[in-house]
Amino acid sequence: MNNDILDALARVLDERKQAAPESSYVASLHHKGLNKILEKMGEECTETLIAAKDADHSGNHDDLVYETADLWFHTLVMLSHFNVHPDAVLNELARRFNVSGHAEKAARATTPPTPAAE
């Protein structure tokens, strides 16, 4: 089910790139360009960090989930800007599965990253 959601969202985000900026929020972000998309990602990242700190104190994770969804959404908009499907990120996560984080980081220091699938 979750891959279906990512696929559907990727299709919508791709369609909105060509839409008139006044027709949707995503279309307006694409129209304003990469800097605006990255600015929104930064805002959402900060809000997610604050929600995590609040959740740590309160034990309530509702805002953390909400803000993380916003951050993921805007990350998907950024990927869409570059014509990168979310599967490229999922494939990279799958590649890293059962690989030591220390070993993976050490490998990055000596090996250039592979191009993302489009």
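Predicted model: local features only at pLDDT ≥ 70, side-chain atom pairs only at ≥ 80, totals over all residues.

Student: How do α2 and α3 cross?

Tutor: The axes of helix α2 (residues 25-32) and helix α3 (residues 34-58) come within 5 Å and cross at roughly 120°. Helices here are DSSP runs of H or I with at least four residues, numbered from the N terminus. Axes are lines fitted to C-alpha atoms over the stretch in contact, and angles run from 0 to 180 degrees between N-to-C directions.

Student: What do we call that, for α2 and α3?

Tutor: α2 and α3 are therefore oblique to each other. Angles under 35 degrees count as roughly parallel, over 145 as roughly antiparallel, 65 to 115 as roughly perpendicular, and the rest as oblique.

Student: Which residues of α2 and α3 meet?

Tutor: Tyr25, Leu29, His30 and Lys32 of α2 meet Leu34, Lys36, Ile37 and Lys40 of α3, where contact means heavy atoms within 4.5 Å.

Student: Is Lys40 buried or exposed?

Tutor: Lys40 is buried, with a relative accessible area of 16%. Buried means under 20%, exposed over 50% and partly exposed in between, with a 1.4 Å probe and protein chains only.

Student: And what does Lys40 touch?

Tutor: Leaving out residues up to four places away in sequence, Lys40 touches Tyr25, Leu29 and His74.

Student: OK, next pair. How do α3 and α4 pack?

Tutor: α3 and helix α4 (residues 62-81) pack at an angle of about 160°, with their axes 8 Å apart. The two, α3 and α4, are therefore roughly antiparallel to each other.

Student: Which residues of α4 are buried?

Tutor: In α4 the buried residues are Glu67, Leu71, His74, Leu76, Val77, Met78, Leu79 and Ser80.

Student: What comes just after α4?

Tutor: Asn83, which takes a positive phi of about 60°.

Student: New topic: Arg11. Where does Arg11 lie?

Tutor: Arg11 lies in helix α1 (residues 2-17). Arg11 is exposed, with a relative accessible area of 52%.

Student: How many residues separate Arg11 and His85 in sequence?

Tutor: Arg11 and His85 are 74 residues apart in sequence, and 9.0 Å apart in space, C-alpha to C-alpha.

How values were computed
Residues numbered from 1 in each chain as written. Heavy atoms only, no water.
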